Amino acid sequence: MPTNDGVVAFFGATGGSTLACLALALKAGYTCSALSRSSSKLQTLLLERKVSQSIIDSHLTIVQGDIRDTNSVARVLASPPSKSNASTNTPTLQLIISGIGRPPNFSPNPLKPTFDDPTVCQDAISTILAALRTLPPSSSKPVLATLSTTGISSRARDIPILMIPLYHWLLAVPHKDKLEMEALLQAEMTKPAQHRAIKDFVIVRPSLLTDGARLGTNKIRVGEEVGETATPAIGYTISREDVGGWMFDRLVDGHEKDKYAGKMISITY
């Protein structure tokens, strides 16, 4: 349950994993903000997950806009006034979760998928970092957690051998985008502390995503990569529900974002 007045900001909130995490955070009483191209769509998706309208009204600020619009992104990141009558404090931004991405189009040729937005992940992180720099200086900087993918590590193989053709051939375009996204975060942390837009990053690398039900965080194997050391968890798949559940359990509610800070975390069954 919430232990402070911190805000969790979500980008890509209508997507499976990020939506799952947002719904859990709202049900647990966290103050959240989210960017969506359609506020009504996001509200409908949350209601379908049995997040009540009263919780949405009292705990969620939705900004309608595009991830490449710095002004819209900055409005999500700006600490909103508390909507709770029980608190007169202005909550501060503690954690940013970005699950921005675009699915491949396998039509008309499933062997040659196309991608309508091949730089969306790197552009999203670039805009978030730029938007953070427009905010008033704060003594507390947020941790930025973002969804990446397995199959792109240069340190160790983190996918089964049978998955290599799928990852390195069919998904080469989005994986290049994910690598550029990760590089932006790593470059940010090489700057002097006073010039960084974030406290640190957490890069979550799930294995191949499925639409299966949530099995629970205790069913997930976790590996990590930091610096030159890599001990990945190698597996075939994980559901979007479990990815969102893991992020909530470990980064939001478990307050373990500092434990995973500066690391690439692989998660799989």
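Ala, Val, Leu, Ile, Met, Phe, Trp, Tyr, Cys and Pro are counted here as nonpolar, Asp, Glu, Lys and Arg as charged, and the others, Gly among them, as polar. The model is predicted, with local features requiring pLDDT of at least 70 and side-chain atom pairs pLDDT 80 or more, while totals for chains, interfaces and linings use all residues. Residues are numbered from 1 along each chain as its sequence is written, and side-chain values use heavy atoms, without hydrogens and water.

The second largest pocket holds about 410 Å³ of space. Its lining of 18 residues comprises nine nonpolar, six polar and three charged. Leu132, Leu135, Pro136, Pro137 and Ser138 lie nearest the centre of this pocket. A pocket is an open set of points on a 1 Å grid over the protein atoms alone, where a 1.4 Å probe fits, with protein on both sides within 12 Å along at least five of seven lines; lining residues have an atom within 4 Å of a point.

Leu132 also belongs to the contact (heavy atoms within 4.5 Å) between helices H4 and H5. H4 spans residues 70–77 and H5 residues 120–134. The two helices pack at about 65°, with axes 8 Å apart, and are therefore roughly perpendicular (65 to 115 degrees). From H4, Thr70, Val73, Ala74 and Leu77 take part, and from H5, Thr127, Ile128, Ala130, Ala131, Leu132 and Thr134. Seven of these contact residues are nonpolar and three polar, with no charged residue.

How values were computed
Helices (H or I, at least four residues) and strands (E, at least two) are DSSP runs, numbered from the N terminus. Grid points are joined across faces, edges and corners, and a volume is the space filled by probe spheres set on the points. Axes are lines fitted to C-alpha atoms, for helices over the stretch in contact, and angles run from 0 to 180 degrees between N-to-C directions. Angles under 35 degrees count as roughly parallel, over 145 as roughly antiparallel, 65 to 115 as roughly perpendicular and the rest as oblique.
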